[in-house]
Amino acid sequence: MNWKAFSAMLARDVHVARRNLLTSLAQTLLQPLLFVFIFGMVMTRSGLLPTSYRTMLLPGIVAISMLMTGVTSVSMPLIMEFMTKEVEDRLLAPMEIHWLAIGKIVAGMVQSLISGAVVLLAGWLLLGGSVGLTFSHVGAFVPIVLLVALLAAAGGLTMGASVGQTHIGLLFSMVLAPMIMFGCAYYPWSALSGFPILKIAVLINPLVYASEGLRGALAPAIQHMPLLVVIAILAVVDVALIVFGLNRFHRKAIS
């Protein structure tokens with residue numbers, strides 16, 4: 001491992017991300033913040049939803065923001081680099097091929113964490129103190145938020161190394177959109193008790209564990225999955241995505 005080359009490649013990705021920071025934040029965070037405003041303020045103040053819905057909603061919105069930011073910040077540039085052959089210049093760096101992909105995962109994690117922090121802060125300011133979140137469960141919050149960021153970045157690597165330019169629209173419409181709608185972000189997993197088959201089927205969606213984990217860490221009073229189960233499943237999914245994503249990246253890079 002050539003740490004100097006790895007640091008230089010990572011610094012380049014961070015520099016590019018910093019130059020496009022405002023545009024990326026606007027594209028990624030606009031929809032989540034609109035959901036917070038409409039469902040957290042308009043719907044609750046008009047009496048159509050209980051005020052307690054704010055507490056349940058915001059952690060799910062944070063999970064969506066982290067997922068979308070991590071996936072898009074890794075997959076979209078990677079798809080373009082393979083299309084323009086720019087990745088061939090990176091392959092000349094004096095280090096193993098898989099470290100190029102690991103650098104992208106690290107950069108994607110950083111952007112995912114920033115996105116989650118911005119949405120959480122903005123939602124907190126927008127909804128006020130009545131949102132009812134707590135940061136007293138730091139021991140659970142820190143590993144969950146890191147695993148969610150790793151999930152987003154590793155998922156972005158897997159998608160970016162598996163999908164061509166002509167299938168980008170299909171990626172968002174057939175993969176990410178259903179993940180969001182059935183990811184228990186706008187409702188808790190326990191709300192699906194009236195749909196037993198669906199309640200079991202959504203367990204294949206990793207966003208379910210991200211939403212339930214952040215909800216359990218930030219709003220423990222709301223019914224949620226056991227946090228140890230969430231952490232264990234997220235860790236397994238992250239490892240699987242990293243292994244699969246690195247393998248796909250290596251095959252595509254040398255082909």
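Predicted model: local features only at pLDDT ≥ 70, side-chain atom pairs only at ≥ 80, totals over all residues.

Author: Residues are numbered from 1 along each chain as its sequence is written, and side-chain values use heavy atoms, with hydrogens and water left out.

Reader: How do you know how many helices and strands there are in the chain?

Author: Helices are DSSP runs of H or I with at least four residues, strands are runs of E with at least two, and both are numbered from the N terminus. By that rule the chain has 10 helices and 0 strands.

Reader: What makes the span of helix H10 (residues 227-254) close to the expected one?

Author: The expected span is 1.5 Å times one less than the number of residues. H10 has 28 residues, for which 40 Å is expected, and its first and last C-alpha atoms are 40 Å apart.

Reader: Why is H6 called mostly covered?

Author: A residue is buried under 20% relative accessible area, exposed over 50% and partly exposed in between, with a 1.4 Å probe and protein chains only. In H6, 19 of the 25 residues are buried. Of the 255 residues of the chain, 47% count as buried. The buried residues of H10 include Leu227, Asp238 and Phe249.

Reader: Why are H3 and H7 called roughly antiparallel?

Author: Axes are lines fitted to C-alpha atoms, for helices over the stretch in contact, and angles run from 0 to 180 degrees between N-to-C directions. Angles under 35 degrees count as roughly parallel, over 145 as roughly antiparallel, 65 to 115 as roughly perpendicular and the rest as oblique. The axes of H3 (residues 53-84) and H7 (residues 168-181) cross at roughly 165°, and the two helices are therefore roughly antiparallel.

Reader: Which residues of H3 and H7 make the contact?

Author: Contact means heavy atoms within 4.5 Å. Among the residues that meet are Leu67, Val71 and Thr72 of H3 and Phe172 and Leu176 of H7.

Reader: What makes the residues of this contact nonpolar, polar or charged?

Author: Ala, Val, Leu, Ile, Met, Phe, Trp, Tyr, Cys and Pro count as nonpolar, Asp, Glu, Lys and Arg as charged, and the others, Gly among them, as polar. The contact of H3 with H7 accordingly divides into 11 nonpolar, 1 polar and no charged residues.
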